[in-house]
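Open the model in your viewer and keep the selection panel at hand. The tour goes stop by stop.

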Amino acid sequence: MSSNWRISSFNGALLAAYFIPVWTIIAFNIMVSPIHGLYERPSVSIALYASDHLQLAKMATVRLAWILALARITVVAFFALFLAMVAFPRMRKNGGSDEALAVALCLGSVLSFVSMLLASKTGELGALRMHAAELLMLLGTAIVMLVDTAPKPAAKVDAVTETAPPVVPAGELSLQQP
């Protein structure tokens with residue numbers, strides 16, 4: 001039973017086990033209290049950049065917080081979809097769940113990269129380290145996913161239609177074969 005797990009599926013499941021609870025808690029904290037949730041450590045770099053450089057009003061900051069929560073929930077939803085699809089051995093064997101994992105990795109990487117850049121601009125070293133670690137986990141899984149491809153299904157060979165090509169002796173080879 002354990003022989004049908006590809007390393008990218010196992011790595012994606014471990015990554016989903018981290019991102020689903022952590023990013024769900026972060027998103028729900030932002031949904032409950034947008035300004036307070038935005039200024040917590042996981043999102044403080046975006047909040048400081050928005051308040052210092054963009055000079056957003058209160059409602060614009062709330063909208064930014066809700067967009068950030070929506071982005072995190074979207075990544076969580078794709079990780080959950082990946083876990084649901086990887087639970088079925090047939091989909092896991094032929095790589096049917098790779099698309100959901102790829103979307104989650106792509107969206108999560110973009111969000112972590114932007115957060116890391118904004119943390120470096122605002123000087124938040126704790127947030128910078130956290131976003132860099134998340135980005136490295138996501139990129140590592142993406143690299144493993146690129147290297148570990150799904151096995152190709154074996155083509156069924158029909159014994160009646162399969163015929164061997166005629167064997168021609170080496171001395172009788174010509175450019176104009178019939």
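How close do the axes of H1 and H6 come, and at what angle do they cross? The axes come within 11 Å and cross at roughly 50 degrees. Axes here are lines fitted to C-alpha atoms, for helices over the stretch in contact, with angles from 0 to 180 degrees between N-to-C directions.

Before selecting anything, note the ground rules. This is a predicted model, where local features need pLDDT of at least 70, side-chain atom pairs count only at pLDDT 80 or more, and totals for chains, interfaces and linings use all residues. Residues are numbered from 1 along each chain as its sequence is written, and side-chain values use heavy atoms, leaving out hydrogens and water.

**Whole chain.** Colour by secondary structure. The protein has seven helices and zero strands. Helices (H or I, at least four residues) and strands (E, at least two) are DSSP runs, numbered from the N terminus. Of the 178 residues, 34% are buried. Buried means under 20% relative accessible area, exposed over 50%, partly exposed in between (1.4 Å probe, protein chains only).

**H1 and H6.** Select both helices. The crossing is left-handed: the near helix is turned anticlockwise from the far one by less than a right angle, whereas clockwise would be right-handed.

**Arg6.** Select Arg6, then Asp98. They form a salt bridge, with the closest N and O atoms 3.0 Å apart. The term means a side-chain nitrogen of Lys or Arg within 4 Å of a carboxyl oxygen of Asp or Glu. Asp98 lies in helix H6 (residues 98-122) and Arg6 in the segment before helix H1 (7-32), 92 residues apart.

Asp148 sits in the segment after helix H7 (125-147), 142 residues from Arg6. Arg6 is buried, at 8% relative accessible area. Asp148 is buried as well, at 19%. Shared partners join Arg6, Asp98 and Asp148 into one network.

**Surface patch.** Show the surface and select Val110, Phe113, Val114 and Leu117. Together these form a nonpolar patch with about 320 Å² of accessible area. Patch members have over 30% relative accessible area and no salt bridge; nonpolar side chains (Val, Leu, Ile, Met, Phe, Trp, Tyr) are joined within 5 Å, like charges within 9 Å. Areas come from the Shrake-Rupley method with a 1.4 Å probe; for residues, only the protein chains shown count as cover. End on Leu117 in helix H6, which is partly exposed at 40%.
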